[in-house]
Every structure is written in structure tokens, then in C-alpha cells.
Number of protein chains: 2
Amino acid sequence: MNIGEAAARSGVPAKTIRYYEDIGLIGRPARAENGYRDFSGTDVHTLRFIARARGLGFSVREVGELLSLYHDHSRASAAVKAVAEQAINRIDTKIGELQSMRSTLSDLAERCHGDQRPDCPILDDLAGS
Amino acid sequence: MNIGEAAARSGVPAKTIRYYEDIGLIGRPARAENGYRDFSGTDVHTLRFIARARGLGFSVREVGELLSLYHDHSRASAAVKAVAEQAINRIDTKIGELQSMRSTLSDLAERCHGDQRPDCPILDDLAGS
DNA sequence: ATGAAGGTTCCGGCGACGGGAAGGTCAAGG
DNA sequence: CCTTGACCTTCCCGTCGCCGGAACCTTCAT
């Protein structure tokens, strides 16, 4: 199948599929006589795997690790779990940062009248007054 | 003062200060006779403002808006609050996405033995089995 | 005199793509 | 038969917010 159909079936945009090929995340797909990429069902399966993993927050590099772990049927599940826990830690860190920002911001926003008057604790805080 | 001291006093790296100048977030600072940038206390104050705002999660573009609102003493606090609420909404959206990922990931990780055996629900899920 | 520690500009790279140009290909319709 | 439009191809540039490094200049201490 052509890249458009592979994109539709996998949920990965055609541009992104080419990009994944470029960076070596996926192997080079077969080519038809006209030079078009010719994707197999297996290729689409791999793309779906990637799409799901990306959706769960794994980086492209981690997805590469997961893919090779997936193809290595003798690997230990501990290796996979380690990658997942790394991702969880990264996410937790990020959530913490965001919650801290959110908390400060909403404090400031609550104290700001939000009307026509110019005085504003948000700017005052940013200015360090 | 030179860029290095301005960086130390504001917490904004010298490279970043030059970048902010490039993109027009800050005005062009004065230049000494030797061609070095010559920062004033006001410049450092502005840089600190920027550093704080960035730390709260405002985008550089938003920081630009906040700076011009800060300098416009006749603006309504509502305008500032709007920018802040926009940032809060963006942060909330992001937190929601991350929490959803985190939840799925930790479910999967819990169900994964994480030992020498190869069977792993994480990969099974990604493979869509 | 020399070397270190600043400063300057400019160029390139990161991650993970997306947009769009310039051109080849293919099936359907007038 | 020809055209139209929807695909496909490669290529390069832009995004966001910087950071690293090259090549060069200035200043200061030894």
C-alpha cells in the first residue's frame, strides 16, 4: 500500500512516516516500480506501535528501544519496565513543575481584579516588587 | 555593566540575553566604546522580569506581551489577567495529558513482572494485542 | 610578552515534526 | 487524447527556546 493508506491505517501522518524512516526509527520500506514506498501490514503494525508509544509519552529514542525490545523475544521484561519507569519519572517531574507554575499563576490571577484598573499583582510579582 | 555581570545578576545566561535581543524581546542595550554591550540596572530588572515570567511557564511571546503591558501604565489589569489565564489553561491541558499518560503507563508497569521472563504487558499493549 | 578570561558575530544543532515548492505518476472524466 | 486532480517523490526551511562552538577582539594580571 502507498504511504497515504499506511498513514490512514496507522494514524501516523505521511510526513512523519518519512521522518521516522530518515532517522532510522523504522526500516526502509519496499518500493514499488514507480518509486513509491510500498508498505506491508507489518509496517503498519509497527507504525501503530510507534503511535501508541508516542501517545504514552515515550520519546522517539525510547520508542526505538521499545521496538528493538519488542523484536527481541528473549529479552527480560525488566528491560521494558525500566524504560517505562524512566518515562514515568520524567512525566512526574514535568507534572510537578507544571503544578507548581499553575499554583503560583492561579494565586496571582485570583488576586488580580481583572477590570479596567491598572494595578495588577501579576505584573507586580514579575517585576519583583 | 558587561553581559556577564548582567547574566549573573538576572539569572539569564549571556547567550540567552543575546537571543532575546535578536528576537526583539528586549531592546538593544547601550554599547561601550569597545563594542561590548553595556547593561543598566533597568536592563537587569527587565531580564529578571523575563526570567520570572519564563519560570512561571509564559511563552516568550507572552512575556513580550506582559512586558509591554508592564510598561503601559494605563492598561487594564484585565488584559494581564487574560494572558495569565491563557497560560493557566495551557498548563492545565498539559497536566491533563501527562496525567493520562502517567496513569496508563503506571497501570502497564504494575502489571509487568519486571524480571527475567520475556512476557510483558507493556509491549503487548503497544503492539495492540 | 603572554595567557586567561572576558567580550563579539555567526553558524549549526537539538526534538519532532509541518509547510510548501518543484516535479513525477496514475485513474477518471470530457 | 488530454486534462484534471489526487496522489507520490525529494528537498529545504520554519517552528520554539535556546546551547555549543568557531574565529576573532579586548582587557587585565603576571
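These questions and answers walk through helix packing and the chain pairing in a predicted model.

User: How is α1(A) oriented relative to α2(A)?
Analyst: Start with the two helices of chain A: α1 covers residues 3-10 and α2 covers residues 14-22. Their axes come within 9 Å and cross at roughly 100 degrees. Angles of 65 to 115 degrees count as roughly perpendicular. Therefore α1(A) is roughly perpendicular to α2(A).

User: Which residues of α2(A) make the contact with α1(A)?
Analyst: By class, this contact has five nonpolar, one polar and one charged residues. α1(A) brings A:I3, A:A6, A:A7 and A:S10. From α2(A) come A:A14, A:I17 and A:R18.

User: How is α3(A) oriented relative to α4(A)?
Analyst: In chain A, α3 spans residues 41-55 and α4 spans residues 60-71. They pack at an angle of about 130 degrees, with axes 10 Å apart. That angle makes α3(A) oblique to α4(A).

User: How do the residues of the contact of α3(A) with α4(A) divide by class?
Analyst: On the α3(A) side are A:H45, A:T46, A:F49, A:I50, A:A53 and A:R54. They meet A:V60, A:V63, A:L66, A:L67 and A:Y70 in α4(A). The contact divides into eight nonpolar, two polar and one charged.

User: What is the handedness of the crossing where α5(A) passes α5(B)?
Analyst: Helix α5 covers residues 77-111 in chain A and residues 77-111 in chain B. The two axes come within 8 Å and cross at roughly 155 degrees. Angles over 145 count as roughly antiparallel, so α5(A) is roughly antiparallel to α5(B). The crossing is left-handed.

User: Which residue of chain B has the C-alpha nearest the axis?
Analyst: The axis is that of the 180 degrees rotation that superposes chain B on chain A. The C-alpha nearest to it in chain B lies 2.9 Å away and belongs to B:I95.

User: Why do the copies meet through the same surface?
Analyst: In the pair, 50 residues of chain B are in contact with 50 residues of chain A. The copies meet through the same surface because the interface residues of chain B are also interface residues in chain A, and the share is 100%.

User: Which residues of chain B lose the most area to chain A?
Analyst: The two chains bury about 4,300 Å² between them. Of that, 73% is on carbon and sulfur atoms. Three residues together make up 16% of what the chain B side buries: B:L105, B:L123 and B:L126.

Definitions and conventions
Residues numbered from 1 in each chain as written. Chains lettered and ligands numbered in written order. Predicted model: local features only at pLDDT ≥ 70, side-chain atom pairs only at ≥ 80, totals over all residues. Heavy atoms only, no water. Axes fitted to C-alpha atoms, helices over the stretch in contact; angles between N-to-C directions. Helix = DSSP H or I, 4+ residues; strand = E, 2+ residues; numbered from the N terminus. Parallel < 35°, antiparallel > 145°, perpendicular 65-115°, else oblique. Contact = heavy atoms within 4.5 Å. Nonpolar A, V, L, I, M, F, W, Y, C, P; charged D, E, K, R; others polar. Least-squares fit on C-alpha atoms with pLDDT ≥ 70 in both. Buried area = accessible area lost by both parts, 1.4 Å probe. Left-handed = near helix turned anticlockwise from the far one by under 90°.
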